[in-house]
Amino acid sequence: MGMAHPQGRGVPAISRAARSGWTRLGTTALAAVALVGLALPAGAQAEPPAPGRDLGREVLGADDGWAAEGAGTTGGVAADDAQVFTVRTRAQLAAALDGGSPVPKIIYVRGAIDANTDAQGRPLSCADYATDGYTTEKYLAAYDPRSWGGQKPSGPQEEARAASAARQAERVELAVGSNTTIVGLGRDAVLKGASLQVKDASNVIIRNLELRDAYDCFPVWQPNTGGLGDWKTAYDTIWLRGATHVWVDHVTLSDKGHPDAAEPTYFGRNYLRHDGLLDITNGSDLVTVSWSRFADHDKAMLIGNGDNVTTDRGKLRVTLHHNSFKGVVQRAPRVRFGQVHVYNNAYQVPEGTDYRYSWGVSTESRIHAENNAFTTPGHVEAADLVKSWNGSALHQKGSEFNGYPVDLLAIYNSYNSGSERDLDPDVGWSPALHGRIDSAAKAARDVARGAGAGRIG
């Protein structure tokens with residue numbers, strides 16, 4: 001059925017014990033417990049972090065972006081000893097998250113965790129999830145536009161694809177509830193293949209963690225998307241939906257291991273396997289994303305999911321500062337409705353990579369951009385950095401393009417072909433919650449040294 005990533009065995013039933021029965025960490029040593037009828041593997045017991053700085057007990061600073069508004073963002077700092085966990089496996093992580101429970105909790109991630117594993121920790125492949133006769137070959141044959149036409153896929157192979165996708169989603173979608181801190185221990189904490197979903201939750205912190213390759217085994221064909229049709233994938237690496245007071249800090253997000261550029265072309269379109277790296281939608285609000293790396297990906301960050309979702313007005317307030325966007329094709333970010341402060345970020349377009357734009361100015365967006373640095377090869381012009389869809393305003397100052405100061409608003413308005421109206425510099429608000437704003441050049445140096453997982457100073 002095509003590419004066999006992820007790899008492994010079939011999907012067994014998951015017992016109640018697997019969901020909630022693994023050992024919880026306290027300040028005292030705990031005995032090993034059974035998981036799905038088996039003893040936990042060696043090293044699976046949790047232990048507190050090493051003495052010294054405890055990232056799990058740290059909270060967002062008082063003026064550190066929109067997530068500091070009001071009561072601020074404290075995550076699981078109120079967790080008692082019974083709700084502090086160190087996890088090494090997908091089963092342990094899922095049990096600690098407890099289905100998105102709002103009980104205050106701190107979860108330390110040690111080492112690499114693969115979400116595409118069964119209850120015993122054995123790796124799972126796309127073939128293991130496939131059911132009801134689904135194969136890539138049969139799906140392609142069934143919905144080839146030359147014979148199927150432009151209607152939405154339906155019938156046995158689409159039903160089989162949906163059923164197969166649901167089996168994978170049960171493993172890789174992990175709900176993060178209110179009052180939760182997830183933090184990687186050391187420099188090598190990795191969560192692979194997972195989609196962390198913060199839905200209708202508040203007061204969440206995710207720090208010092210590499211998240212990569214949220215790989216969709218079962219993309220769906222959408223014949224009428226973009227005129228030519230396109231492949232739609234299911235999993236954002238981190239997805240905030242109706243989430244408030246969220247701090248994402250020193251994380252690294254990418255498709256590492258399986259870039260979409262290496263995937264085949266079907267129906268004239270790239271067979272995409274990944275969706276967004278960090279999407280902030282459905283009325284999410286008061287979010288700070290800091291000192292993080294977004295790398296080697298197509299659509300990095302969507303803020304606001306629809307032009308017609310007018311209930312997002314007054315929400316989607318987001319701060320992005322000291323982040324690295326390297327090898328990102330587009331959406332860094334694309335914004336609808338929100339008041340978004342974008343300052344001291346570094347953007348790099350490597351030679352030979354695809355690139356479309358960085359800042360997407362969409363319906364009623366209010367981006368306030370300050371002192372950001374862009375480094376690109378010769379085929380990318382300053383006029384390429386901003387793109388508008390029904391946008392009306394963009395405030396920007398202090399931008400640098402390949403080491404030279406540029407006025408990206410003036411360039412956009414000068415080069416706008418007339419397909420979109422000129423952008424106004426007045427976005428109707430001024431940021432108040434932020435730290436020191438350095439020059440774009442200094443910020444780029446600081447981001448190179450300090451952004452991403454494993455680089456907390």
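Which residues in α2 are buried? In this predicted model, they are Arg-90, Ala-91, Gln-92, Leu-93, Ala-95, Ala-96 and Leu-97. Helix α2 spans residues 90-97 and is mostly covered, with seven of its eight residues buried. Just after α2, Asp-98 takes a positive phi of about 55°.

**Helix α6**

Glu-170 belongs to helix α6, residues 156-172. Its relative accessible area is 57%, and because exposed means over 50%, Glu-170 counts as exposed. From Glu-170 to Ala-115 the C-alpha to C-alpha distance is 9.9 Å, and the two residues are 55 apart in sequence.

**The largest pocket**

The volume of the largest pocket is about 1,000 Å³. Its lining is made up of 37 residues, and those nearest the centre are Asp-230, Leu-272, Asp-298, Lys-299 and Gln-330. Several strands give two or more residues to this lining: β12 (230-232), β16 (269-270), β17 (278-281), β19 (293-299) and β22 (324-330). The largest share, four residues, comes from β19. By residue type, the lining of the largest pocket holds 15 charged, 14 polar and eight nonpolar residues.

**Salt bridges**

Side chains of opposite charge can pair when their charged atoms come close. The structure holds 18 salt bridges.

| Pair | Closest N to O distance |
|---|---|
| Asp-285 and Arg-317 | 2.7 Å |
| Arg-313 and Glu-364 | 2.8 Å |

Lys-232 is partly exposed at 37% relative accessibility, whereas Asp-275 is buried, with a relative accessible area of 14%.

Asp-285 and Arg-317 form another of these bridges. Asp-285 lies in strand β18 (residues 285-290) and Arg-317 in the loop between β20 (302-303) and β21 (318-321), so this pair ties together parts that are 32 residues apart in sequence. Asp-285 is buried, at 7% relative accessibility.

The loop between β20 and β21 also holds Arg-313, which is paired across 51 residues with Glu-364 in the loop between β26 (359-361) and β27 (366-370).

**A buried aspartate without a salt bridge**

How far from Asp-260 is the nearest side chain of opposite charge? That side chain belongs to Arg-273 and is 6.3 Å away. A salt bridge needs a nitrogen within 4 Å of a carboxyl oxygen, so Asp-260, although buried, has no salt bridge. Asp-260 is found in the loop between β14 (244-254) and β15 (265-266). The backbone of Arg-273 is placed otherwise: its nitrogen lies 2.9 Å from a polar atom of the Asp-260 side chain.

**Backbone features in loops**

Which residues are joined by a cis peptide bond with omega of about 0°? They are Ala-332 and Pro-333. Pro-333 is in the loop between β22 and β23 (334-335).

Leu-316 is not a glycine, yet its phi is positive, about 55°. This residue is in the loop between β20 and β21. Is Leu-316 buried or exposed? Leu-316 is buried, because buried means under 20% relative accessible area and its value is 0%.

Asn-371, also a residue other than glycine, has a positive phi near 55°. Asn-371 is in the loop between β27 and β28 (373-375). With a relative accessible area of 16%, Asn-371 is buried.

Methods:
Residues are numbered from 1 along each chain as its sequence is written. This is a predicted model: local features need pLDDT of at least 70, side-chain atom pairs count only at pLDDT 80 or more; totals for chains, interfaces and linings use all residues. Side-chain values use heavy atoms; hydrogens and water are left out. On a 1 Å grid over the protein atoms alone, a cavity is a set of points where a 1.4 Å probe fits but cannot get out, and a pocket is an open set with protein on both sides within 12 Å along at least five of seven lines; lining residues have an atom within 4 Å of a point. Grid points are joined across faces, edges and corners, and a volume is the space filled by probe spheres set on the points. Ala, Val, Leu, Ile, Met, Phe, Trp, Tyr, Cys and Pro count as nonpolar, Asp, Glu, Lys and Arg as charged, and the others, Gly among them, as polar. Buried means under 20% relative accessible area, exposed over 50%, partly exposed in between (1.4 Å probe, protein chains only). Lys and Arg count as positive and Asp and Glu as negative; His and the chain ends are not counted. A polar contact is a pair of N or O atoms within 3.5 Å; within protein, one must be able to donate a hydrogen and the other to accept it, and residues adjacent in sequence count only if both atoms are side-chain atoms.
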